[in-house]
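Visitor: Please put the model on screen. I would like to go through its packing by question and answer.

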Amino acid sequence: MSTVSTPMVRSAPLINRDRVIDWLGIAPFIIFSLLFLIIPTLYLVAGAFLTPEGDLTLKNIGDLFTPSIMSAYSISIRVSVASALGGALIGFFLAWAVVLGGLPASIRSTLLTFSGVASNFAGVPLAFAFLATLGRTGLVTIFLREWFGFNLYGTGFNLLSFFGLTITYMYFQIPLMVLILTPALDGMKKEWREASQILGATNRQYWTMVALPILWPSLLGTTLLLFANAFGAIATAFALTGSSLNIVPILLYAQIRGDVLHNANLGYAIALGMVVITGVSNVLYLMLRMRAERWQK
C-alpha cells in the first residue's frame, strides 16, 4: 500500500522583515518629530491652561485679549500679510519670466539656485546684511547721500520699523515663492494655450479665463504658506529691531525668557495662539495644494 506524501506548508513569519526595515527607515523622523514638535506642542498647550502652581485656569487665555498682546498680534499679522503679498507678487512674476518667458535656460538655473540659498538665509546674518546695506550708516544709504544728495532717512524711512521689517522678510519670501510656484508653472500644458488660441482667445483672455483660474489655488496656497513662514520668524526681527517693534515672537520670548515680563504660562498661551494661526494657514495651504495638483495629473 503506497503512501502519498503531502508537501510541507511553511507558516508565514510573524514579523515581516521588509516592513520592519521600512519602519526603521522612518524611525529617526518619528523620534525627531516626537521630541521637537509633538511633545513640545502638547507641553505648551497644557501649560497655557495652568498656573505657575499647576492649577487649572483660563486666565492665561483671557490675558491674550489685553491691549498690549492684541497689539503684538496685530503688528505680526500685518507684517506677515504685507511680506507674503509682496513676496507672492514679485515671486510670481520672477517665476513666470524664467518658466514661460523667453529668458535663457541659464538664467532659470541661476535664479533657482539663488532662491534655494536665499530662502534659507535668515536670522542674525540677514539682519546684519540689511543693517550694513540700508542702515543709517549702510552702504546704499551713504552712496545715495554722497553721490546723489538723497537722504533716505530724511524721507521718513526707518529700517527698524514696520516697513523695514517687511522689506527684510521679503528677502526670503520672494525666493520661497519662486521655488514653490515654479513646478506649478511647469505643469501648465501647452495644449491649453493652443486650444484657447484656436477658439480665438487673446493672450489676456487666456490668462484671465484659463491660466489664472488653474493657478489660483497654487497662488493662494503659497501666499498662505508665506504668511505662516513670516508669522513665526523671530531671529531676524529680534536681531534687527530688538524690542523696538512689538511683534508676537519677541513678546513670547520676553514672557518665557525675559527678566521683567517673565510669565512662562502666559508665554505658553501666546505660543498656543501662534500655533492656531499658523496651523490654520498651513491646513488651508495643504487643501489648496491638493486642489491644484488635480490639474497637474
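Visitor: Leaving aside neighbours within four places in sequence, which residues is I270 in contact with?

Guide: This is a predicted model, in which local features need pLDDT of at least 70 and side-chain atom pairs count only at pLDDT 80 or more, while totals for chains, interfaces and linings use all residues. Residues are numbered from 1 along each chain as its sequence is written, and side-chain values use heavy atoms, without hydrogens and water. Contact means heavy atoms within 4.5 Å. On that basis, the partners of I270 are L64, I69, Y73, V248, L251, L252 and Q255.

Visitor: Which residues touch the most other members of the largest nonpolar core?

Guide: Such a core is a set of buried (under 20% relative accessible area, 1.4 Å probe, protein chains only) Ala, Val, Leu, Ile, Met, Phe, Trp, Tyr and Cys residues joined through side-chain atoms within 4.5 Å. The largest one has 40 residues, and those touching the most other members are Y73, L215 and I270.

Visitor: How are helix 7 and helix 9 oriented, roughly parallel or roughly antiparallel?

Guide: Helices here are DSSP runs (H or I, at least four residues), numbered from the N terminus. Helix 7 (residues 162-186) and helix 9 (residues 203-231) pack at about 150°, with axes 10 Å apart; the axes are lines fitted to C-alpha atoms over the stretch in contact, and angles run from 0 to 180 degrees between N-to-C directions. Angles over 145 degrees count as roughly antiparallel, and those under 35 as roughly parallel. Helix 7 is therefore, relative to helix 9, roughly antiparallel.

Visitor: Is S281 buried or exposed?

Guide: S281 is found in helix 12. Its relative accessibility is 6%, so S281 counts as buried.

Definitions and conventions. Helices (H or I, at least four residues) and strands (E, at least two) are DSSP runs, numbered from the N terminus. Angles under 35 degrees count as roughly parallel, over 145 as roughly antiparallel, 65 to 115 as roughly perpendicular and the rest as oblique. Buried means under 20% relative accessible area, exposed over 50%, partly exposed in between (1.4 Å probe, protein chains only).
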